[in-house]
Amino acid sequence: MTDEPWDIAPAPSASRTAEHDVAAALDESIAALGHDGEHRPGQTEMAAAVAEAISGGTTLLCQAGTGVGKSLGYLVPAALAAAGGQRVVIATATLALQDQLVTKDLPLVATGLAQRLGRPIRWELLKGRNNYLCRHRWEAHSQQQMDFGGARLSAADLDQQRQFAEIDRWVRTTRTGDRAELAVAPEGRVWSSVSVTSTECVGAERCPQGHRCFAEDARARASRAGIVVTNQHLYFIDLFGDGFLFGPHDAVVFDEAHQIEAVVTQVAGLEIAPAGFVRLAAEARNAGAGGAAADAVADVATRLSAELDPLRDTRLGAITGDLASLLEAADSRVEQLAAELRSEQPDSGGDADLERLRVGRLAAESLTALRMAASPPADTAILVEASGRLRLAPLGVGDLLASRLWGRQASILTSATLGPHFVSRLGVPSADHAYLSVESPFDYQSNALLYCARHLPAPNRQEHRAEAVAELAGLIEAVGGRTLALFTSWRALNETADALEETLDGIGVLRQGGDRSSTALLEALGTEAATVVCATMSFWQGVDIAGPALSLLAIDRLPFARPNEPLAAARRELAGDDAFRTVDVPNAADLLAQGVGRLIRTTTDRGVVAVLDSRLATAGYRARLLESLPPMRRTVSRAEATSFLNAIRDRHTA
């Protein structure tokens with residue numbers, strides 16, 4: 001018995017109160033969207049789970065199907081946490097999502113909550129240092145232009161001069177120095193001449209422009225913000241470095257979390273490229289440290305190219321023989337150049353001294369890579385990429401993340417394709433996380449059809465390409481264009497695009513890698529109904545075309561990694577006899593789901609996914625691939641697919 005009156009309701013628990021606050025804040029954000037907002041049970045469930053993870057400092061993996069509204073699902077609890085004095089970092093994989101968060105979603109959420117709570121919620125976008133103009137290098141460039149103002153210029157030089165003139169106009173008014181503000185993006189070599197990487201930066205305390213540095217200002221603003229939006233590359237560079245950039249924070253949210261493995265593999269590895277030695281030698285000469293030392297470093301580039309060219313697209317068991325000798329010689333030559341750069345610095349703080357210091361930091365970075373290659377960490381794959389670069393990559397990222405990330409703060413991972421297998425792949429402690437799968441609210445059964453052309457020859461058969469092109473052409477004609485065709489190789493893309501150009505009448509065929517940018521290709525597909533866009537791997541993710549503009553999504557073959565792709569082969573070898581089931585099939589399923597997800601983007605979208613690979617209907621592993629896809633109706637009947645497409649065409653041409 002208790003002395004408490006039994007009919008008095010107990011006080012709500014902290015978790016129930018927090019859940020109520022999240023639901024109320026989510027309702028307000030949805031209401032602020034007006035006609036674009038709608039209540040989605042899955043979004044509410046996700047937001048509550050994210051809030052619980054932040055509050056408890058735990059790890060949450062949330063697979064949120066297309067249309068759930070995952071951005072608000074994590075932004076609302078993140079904003080509430082920031083309002084309560086906590087710091088949250090949000091890391092995305094793409095610039096497009098970053099821009100959406102800081103220009104649309106965060107202003108909506110944070111402004112509304114700040115008004116209700118009576119407390120401001122600050123957020124900032126933080127990018128890598130080379131995204132901001134370096135005032136010191138810009139002034140040096142401007143002085144150089146004055147010194148050589150009367151020189152005759154080539155057409156290429158004139159084009160660069162026009163780009164510099166545009167930067168000059170912009171730099172007079174910009175408050176951030178972020179190159180994304182420029183109306184037309186400058187060429188890489190133009191921007192690199194007026195910016196610095198974190199390696200090259202000599203530090204605000206040494207730089208004469210340090211007191212007004214754009215990058216330092218951005219970091220200072222981020223340090224005062226409750227929410228910091230960044231990219232996954234920068235977050236993991238900081239995580240595996242000194243951790244200074246983001247400082248202590250209570251939670252990190254990884255959107256597009258299916259990309260984490262690839263990002264960490266790149267960040268935790270290293271590359272040694274002939275072009276790097278060419279650049280180092282050129283930069284040293286420009287800094288006044290030319291002569292024999294710079295020539296010797298440039299010679300390394302020539303010899304390294306000759307050594308790596310025959311090994312392109314292969315995996316090395318170890319660095320031995322002539323390659324090992326060459327890298328040892330490269331170490332000696334770069335060290336000699338670095339010593340020369342140091343010896344010529346009188347430490348007066350002048351521009352010439354700072355330039356030599358900057359190049360010296362490049363040399364130090366090169367030495368670090370060379371010495372890691374000479375003694376690579378355990379469980380490292382040594383690869384020569386198709387581009388001719390030597391690369392060292394970790395075979396797995398789980399241990400790296402387990403030692404640096406999990407348990408240090410709340411970690412929320414979300415994506416439309418984040419199956420349970422990511423727990424082990426990313427090293428998440430099996431007993432110390434929560435997993436949530438929130439289904440899409442879209443009516444896939446009524447609005448979408450998954451068609452597998454089961455009658456086509458296997459993709460490795462010689463006759464497959466011609467028959468697949470004929471199949472695709474018929475489907476495109478049935479819908480009158482409105483097609484995005486995804487390919488797993490450039491060769492297949494170009495062969496198919498060539499054939500479609502000859503076959504289709506009155507329907508434009510555009511291709512990635514042609515004379516239009518990726519943005520222009522998507523704009524054409526969105527505005528011109530009689531259009532087909534043929535694209536390769538970069539279009540499998542992040543493309544968002546709503547409405548009838550995209551009604552047919554064609555996939556030429558299942559996206560398995562090439563058997564001889566060096567890193568994939570190394571990971572298969574590590575997995576042993578079960579590699580196909582544990583490595584290849586899950587990877588293909590994730591990428592296939594990403595590709596298929598390009599089709600249905602709103603509640604009113606309708607369309608067909610056509611897979612021109614019979615294995616989706618016949619292979620023993622097909623169930624694993626299909627379970628990763630949205631619950632579309634399925635068919636192997638071309639007549640049914642054609643009828644579905646005809647109906648879409650007729651509806652929008654009536």
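This is a predicted model: local features need pLDDT of at least 70, side-chain atom pairs count only at pLDDT 80 or more; totals for chains, interfaces and linings use all residues.
Student: What span does helix 13 reach from its first C-alpha to its last?

Tutor: Helix 13 covers residues 321-343, which amounts to 23 residues. At 1.5 Å a residue a span of 33 Å is expected, and the span in the model is close to that value. From first C-alpha to last, helix 13 reaches 33 Å.

Student: Against which elements do the buried residues of helix 13 pack?

Tutor: The buried residues of helix 13 include Leu323, Leu326, Ala330, Asp331 and Leu341. The buried residues of this helix pack against both helices and strands. The elements are helix 11 (274-286), helix 12 (291-308), strand 7 (314-316), helix 14 (351-374) and strand 9 (390-394).

Student: Are helix 13 and helix 14 roughly parallel or roughly antiparallel to each other?

Tutor: The axes of helix 13 and helix 14 come within 9 Å and cross at roughly 160°. Angles over 145 degrees fall in the antiparallel class. Helix 13 and helix 14 are therefore roughly antiparallel.

Student: Is the crossing of helix 13 and helix 14 left-handed or right-handed, and how many charged residues does the contact have?

Tutor: The crossing of helix 13 and helix 14 is left-handed. Helix 13 contributes residues including Asp331 and Glu335 to the contact, while helix 14 contributes residues including Arg356 and Arg371. By class, the contact of helix 13 with helix 14 has 10 nonpolar and 2 polar residues, and the number of charged residues is 4.

Student: How are helix 11 and helix 12 oriented to each other, roughly parallel or roughly antiparallel?

Tutor: Helix 11 and helix 12 pack with their axes 8 Å apart, at an angle of about 165°. The crossing of helix 11 and helix 12 is left-handed. With the angle over the 145-degree cut-off, helix 11 and helix 12 are therefore roughly antiparallel.

Student: How many nonpolar residues does the contact of helix 11 with helix 12 have?

Tutor: In helix 11, the residues that meet helix 12 include Phe277, Val278, Leu280 and Arg285; in helix 12, their partners include Asp295, Val297, Leu304 and Ser305. By class, the contact of helix 11 with helix 12 has 1 polar and 2 charged residues, and the nonpolar residues number 11.

Student: Are helix 18 and helix 19 oblique or roughly antiparallel to each other?

Tutor: The axes of helix 18 and helix 19 (residues 490-503) lie 10 Å apart, and the two helices pack at an angle of about 55°. Helix 18 passes helix 19 in a right-handed crossing. From the angle, helix 18 and helix 19 are therefore oblique.

Student: How many charged residues are there in the contact of helix 18 with helix 19?

Tutor: Residues of helix 18 such as Arg465, Val469 and Glu477 meet residues of helix 19, among them Ala492, Glu495 and Thr503. The residues of the contact of helix 18 with helix 19 divide into 7 nonpolar and 2 polar, and the number that are charged is 3.

Student: Is Arg482 buried or exposed?

Tutor: Arg482 is found in the loop between helix 18 (464-479) and strand 13 (483-486). Its phi is near 50°, a positive value in a residue other than glycine. At 6% relative accessibility, under the 20% cut-off, Arg482 counts as buried.

Student: What is the relative accessibility of Asp313?

Tutor: Asp313 is found in the loop between helix 12 and strand 7. Phi of Asp313 is near 65°, a positive value in a residue other than glycine. Asp313 counts as partly exposed, at a relative accessibility of 23%.

Student: What distance separates the C-alpha atoms of Gln63 and Glu627?

Tutor: Gln63 lies in strand 1 (residues 59-64). Beyond its neighbours within four places in sequence, Gln63 is in contact with residues including Ser415, Leu418, Tyr435 and Val438. Gln63 and Glu627 are 564 residues apart along the chain, and their C-alpha atoms are separated by 13 Å.

Student: With which residues is Arg557 in contact, leaving aside its neighbours within four places in sequence?

Tutor: Arg557 is found in the loop between strand 16 (552-555) and helix 21 (566-575). At 28% relative accessibility, Arg557 counts as partly exposed. With those neighbours left aside, Arg557 is in contact with Pro459, Thr488, Trp540, Asp613 and Arg615.

Conventions
Residues are numbered from 1 along each chain as its sequence is written. Side-chain values use heavy atoms; hydrogens and water are left out. Helices (H or I, at least four residues) and strands (E, at least two) are DSSP runs, numbered from the N terminus. The expected span of a helix is 1.5 Å times one less than its number of residues. Buried means under 20% relative accessible area, exposed over 50%, partly exposed in between (1.4 Å probe, protein chains only). Contact means heavy atoms within 4.5 Å. Axes are lines fitted to C-alpha atoms, for helices over the stretch in contact, and angles run from 0 to 180 degrees between N-to-C directions. Angles under 35 degrees count as roughly parallel, over 145 as roughly antiparallel, 65 to 115 as roughly perpendicular and the rest as oblique. A crossing is left-handed if the near helix is turned anticlockwise from the far one by less than a right angle, and right-handed if clockwise. Ala, Val, Leu, Ile, Met, Phe, Trp, Tyr, Cys and Pro count as nonpolar, Asp, Glu, Lys and Arg as charged, and the others, Gly among them, as polar.
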